[in-house]
Amino acid sequence: MTTADTRVAVEATPQAPGPRGRARRRTPRPSATPRHLQSDLTAYLMIAPMVVLLGIFVFWPLVYSFWLSLHSINFYLGNEWVGTQFYRYVLTDERFWDSIKVGVTYAVMVVPTGMVISLILAMFIKTLRGRTASVMKTVVYLPAVLSSVIAAILFAFMGQDAGLINAAIGVVGIEPIAWLNSPTFALPAVALAGVWLGLGVSTLILLSALNEIPESYYESAALDGASFLQQTWYITIPLLRNVFLFLLVTGFTLTIQEFQLPLIMTNGGPVGATKTPNLFIFDSFRENTPYSTSFSLAAALLLFLVLGAISLVIFRLLRSEKAIDA
Amino acid sequence: MSSDQRSGAAPGRVSQMHGTVAQRTIKGLFTLLIAIAILFPVAWMAIAAFKSKTEVLRSPFQFFPDTWDPQNYVDMLQDDEFMRAMTVTFIGALVFTALSLLVNSLAAYAFARLDFRFKRFWWVYCITPMFVPMMAILLTSFMVVTKLGMLNTMAVLIIPGVASSLQMFFLRQFYLGHPAAIEEAALIDGANRWQIFWTIFLPQSKAPFVVVGCASFLAYWNAYVWPVLTITDPNLTQIMQVLGNFRSERGVEWGLLMAGSAIATLPTIILLLIFQRYIVSGVRMAGIK
């Protein structure tokens with residue numbers, strides 16, 4: 001998996017040949033060896049802090065996760081190699097699949113909703129000029145600087161029985177709902193917070209994509225008598241296809257990993273209705289038994305595998321479409 | 001012909017201008033409505049904090065408090081635990097931001113401007129963490145820092161997150177776009193790479209530094225899960241820990257909790273307002289990439 005992901009990383013970086021070539025050409029070194037060694041030393045010193053820190057706090061834990069997930073931990077007898085046993089446990093555990101179901105449902109609630117609202121917001125902000133436009137960009141982005149802890153507290157507060165949301169739906173005559181205590185409505189309540197938190201980034205990305213569409217497309221469409229809706233449907237949306245795909249993939253892989261919001265709003269309840277995959281993994285890790293440690297690590301790596309595969313496939317798709325467009 | 005055209009065009013233009021005025025009013029109202037809708041939850045937090053304990057979730061629902069009583073804010077500002085957490089988290093966030101700027105920009109400069117052996121390997125090494133989901137390493141990171149004896153120190157809050165592939169990538173993109181001429185001149189004048197980095201590149205990095213610096217600060221300030229795992233010492237408790245555990249520790253005092261949340265949100269909003277121009281364009285740059 002790691003190698004596959006690495007490949008994506010390399011391909012996704014447009015730099016590869018260009019800048020390196022430029023760097024080589026720029027610094028011709030007649031007295032090759034000493035200067036070259038010196039230059040190597042400088043570069044290595046510069047990347048050393050990053051390399052060491054990533055080694056200790058990313059690669060070591062990653063390898064350690066993998067290693068532990070293949071062992072049964074025993075403090076007295078030492079760790080015992082059990083192969084893929086824990087992976088089989090995870091894959092046959094209904095709670096794991098339930099959490100995947102919750103995660104997918106949550107992502108399906110959050111990502112498309114967020115994208116539609118973001119598109120509308122971006123299209124609206126695009127029509128604004130000057131100071132109003134820059135103020136609105138800041139306003140839209142404001143929820144994104146909030147901690148998800150605070151958003152979770154805030155939406156939990158608004159979802160209380162005598163809270164704001166029930167008061168608001170009461171105005172249109174809907175009976176109060178016990179949002180966070182109802183297996184049906186708890187996840188939508190969490191999703192509401194998720195959509196609100198995520199709006200800023202996707203709106204700004206869509207806005208910059210909108211601004212890249214040449215104005216002449218719309219002008220000639222308007223001359224041909226295309227209405228606003230037709231222009232949106234036949235010009236804007238097709239031209240934003242790659243951005244939509246990008247937002248869809250990153251949004252999906254990120255929201256399915258969400259667990260701070262449900263952790264604080266509902267703690268996974270009621271009856272597991274908001275227990276997303278990562279919350280399930282986190283909770284089983286906190287049981288703090290040797291079994292649960294290996295089990296939760298195996299579950300985390302399996303999720304990594306699935307998410308990595310999904311984003312790999314879609315990034316491939318995205319790249320090939322870009323190639324066709326160009 | 002020209003007069004003919006003008007007389008024909010005039011009424012059209014007038015009606016168009018009328019349309020624009022009406023349109024502008026509607027658009028202005030619309031803008032205001034959207035802004036209120038987006039900011040509403042934040043405003044609601046600040047308003048609810050002015051309500052007393054009996055009033056905050058009273059039925060029937062009432063939007064504004066009977067009397068605007070700042071008692072909840074005063075209580076939180078005088079709360080030792082809360083204020084200690086605010087201070088400790090703020091200091092931690094500043095150190096974290098400075099360190100991550102240093103580490104990531106040095107590596108970014110080396111990858112953008114220097115040529116060295118095994119560069120490609122180290123590049124892939126430094127960029128791979130972008131694709132590793134947090135949960136795959138969170139649990140064992142906790143085990144690693146436990147082994148290193150780092151639990152309940154400032155170091156465990158700061159050091160593990162300092163190196164960031166994403167930020168390094170962002171800064172490198174910026175350095176790649178720098179013109180090479182100044183650098184060449186400095187090299188010919190006998191400056192070494194460190195001098196070039198400190199005297200030429202750093203002073204010109206304000207915009208990207210603001211973007212990644214704000215991202216670092218926010219990441220540290222808003223962190224919850226990592227402090228919960230690694231900090232049990234009340235002297236080092238982080239602000240989001242205090243708020244996240246508030247309901248279980250003090251019962252449900254929503255007014256107080258809203259006041260605390262509002263106070264803890266303030267630094268992040270101030271940060272956004274000061275650097276809004278940089279942050280907004282930074283997000284868009286990241287999107288284009």
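Helices are taken here as DSSP runs of at least four residues, numbered from the N terminus. In this predicted model, the loop between helix 13 (260-265) and helix 14 (277-286) of chain A holds A:V271. With a relative accessible area of 77%, A:V271 is exposed, because a residue counts as exposed over 50%. A:P183 lies 88 residues from A:V271 along the chain, yet the C-alpha atoms of A:V271 and A:P183 are separated by 6.9 Å.

Aromatic pairs were then considered. Over all chains, a search of the whole structure finds 40 such pairs. One of them joins A:W179 and A:F185, whose ring centres are 5.4 Å apart and whose planes stand at 75°, so the pair is edge-to-face; the cut-off for this class is over 60 degrees. The two partners can also be described by their accessibility. A:W179 is buried, its relative accessible area being 14%, whereas A:F185, at 33% relative accessibility, counts as partly exposed. These classes follow because buried means under 20% relative accessible area and partly exposed lies between that limit and 50%. Ring pairs also link a cluster with members in chain A and chain B. The cluster contains A:F157 together with B:F40, B:W44, B:F50, B:F63, B:F64, B:W68, B:Y73 and B:W254.

Helix packing was examined in chain B. Two packed helices are described by the angle between their axes and the distance between the axes. Helix 3 (residues 80-113) and helix 10 (residues 206-222) of chain B pack at an angle of about 140°, and their axes are 8 Å apart. Helix 3 of chain B is therefore oblique to helix 10 of chain B, since angles count as roughly antiparallel over 145 degrees. The crossing of helix 3 and helix 10 of chain B is right-handed.

On the side of helix 3 of chain B, the contact is made by B:M86, B:T89, B:F90, B:G92, B:A93, B:L94, B:F96, B:T97, B:S100, B:L101 and B:S105. These residues meet B:F209, B:V212, B:G213, B:S216, B:F217, B:Y220 and B:W221 in helix 10 of chain B. By class, the contact of the two helices has 11 nonpolar and 7 polar residues, and no charged residues.

B:L94 has a relative accessible area of 46% and is partly exposed. From C-alpha to C-alpha, B:L94 and B:G213 are 9.3 Å apart in space, while 119 residues separate B:L94 and B:G213 in sequence.

Note on methods: Residues numbered from 1 in each chain as written. Chains lettered and ligands numbered in written order. Predicted model: local features only at pLDDT ≥ 70, side-chain atom pairs only at ≥ 80, totals over all residues. Heavy atoms only, no water. Helix = DSSP H or I, 4+ residues; strand = E, 2+ residues; numbered from the N terminus. Buried < 20%, exposed > 50% of the residue type's maximum accessible area, 1.4 Å probe, protein only. Axes fitted to C-alpha atoms, helices over the stretch in contact; angles between N-to-C directions. Parallel < 35°, antiparallel > 145°, perpendicular 65-115°, else oblique. Left-handed = near helix turned anticlockwise from the far one by under 90°. Contact = heavy atoms within 4.5 Å. Nonpolar A, V, L, I, M, F, W, Y, C, P; charged D, E, K, R; others polar. Phe/Tyr/Trp six-rings, centres within 6.5 Å; stacked < 30°, edge-to-face > 60°.
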